[in-house]
Amino acid sequence: MQYRNITQNELCPELFRHFIRHQVVTKCWRKENGRWTIKDAPFIDDWTEKDYQILTSCLKNTLESGGLVYAAFNGHMLKGFVSVESALFGGEQKYLDLTSIHVSEDMRGLGIGKNLFLSAKKWAKEHGAAKLYISAHSSVETQAFYRKMGCVEARAYNQQHVQAEPFDCQLECVL
């Protein structure tokens, strides 16, 4: 596996041709009456061509604003990526926003996500953050990954994220 920054010129839907964003979800974390509980919430998360076009545009914006888009390649095929925005927020929390981290379905469980996450933490620290902020999918598997990486519930919620994705879990990770 080769890890490197993605350039603005590489970002196009074609980059994701060999990337498999497929996740079968059966259970998710939900906050009810101030307590986290696991609930049945079955669905399949799969991206469409339009989703890849939107993703490409978002990642281009991340790069244009000085953020990080870092990826794992197996040969010439993209198999994982992470993005971190460049603008600090959250007052004394000094957050940088980890806006995406995904590993292709055919490569999960091989440590790619961990390597991408650790690279994002390093980059964020070098750019003045004290913590990463993560608005993460609430699936049990996704939350297990973040907990393994040392993430906890965020002290201060980013209300834009909460409004955009009300079922996501708001996390932070000290750098």
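This note sets out numbered points on helix geometry, nonpolar cores and salt bridges in the structure.

1. Basis. The model is predicted, so local features require pLDDT of at least 70 and side-chain atom pairs count only at pLDDT 80 or more, whereas totals for chains, interfaces and linings use all residues. Residues are numbered from 1 along each chain as its sequence is written, and side-chain values use heavy atoms, with hydrogens and water left out.

2. Length of helix 1. Helices (H or I, at least four residues) and strands (E, at least two) are DSSP runs numbered from the N terminus. Helix 1 comprises 16 residues, 49–64, and at 1.5 Å a residue should span 22 Å; the expected span is 1.5 Å times one less than the number of residues. The end C-alpha atoms are 23 Å apart, which agrees.

3. Faces of helix 1. Tyr52, Leu55, Thr56, Leu59 and Thr62 are buried (under 20% relative accessible area; exposed is over 50%, partly exposed in between; 1.4 Å probe, protein chains only). Seen down the axis, the buried residues of helix 1 fall within an arc of 120 degrees, so they line one face; the arc is that of the directions from the helix axis to the C-beta atoms. Lys50 and Glu64, on the other side, are exposed. Strand 4 (68–74), strand 5 (77–84) and strand 6 (95–103) are among the elements covering the buried residues.

4. Nonpolar cores. A nonpolar core is a set of buried Ala, Val, Leu, Ile, Met, Phe, Trp, Tyr and Cys residues joined through side-chain atoms within 4.5 Å. The largest has 26 residues, and those with the most contacts inside it include Leu98, Leu116 and Phe117. Helix 2 (112–126) is one of the elements giving two or more residues to this core; its contribution of six residues is the most. Apart from this core lies another of 13 residues, among them Tyr52, Val69, Phe73 and Leu78.

5. Salt bridges across the chain. The whole structure holds nine salt bridges (a side-chain nitrogen of Lys or Arg within 4 Å of a carboxyl oxygen of Asp or Glu). One of them joins Lys79 and Asp106, with the closest N and O atoms 2.8 Å apart. This pair links strand 5 to the loop between strand 6 and helix 2, 27 residues apart. Lys79 counts as buried at 4% relative accessibility, whereas Asp106, at 41%, is partly exposed.

6. The side chains of Glu126 and Lys122 meet at 3.2 Å, N to O. Both residues lie in helix 2, four residues apart, about one turn of the helix, and both are exposed.

Methods: Contact = heavy atoms within 4.5 Å.
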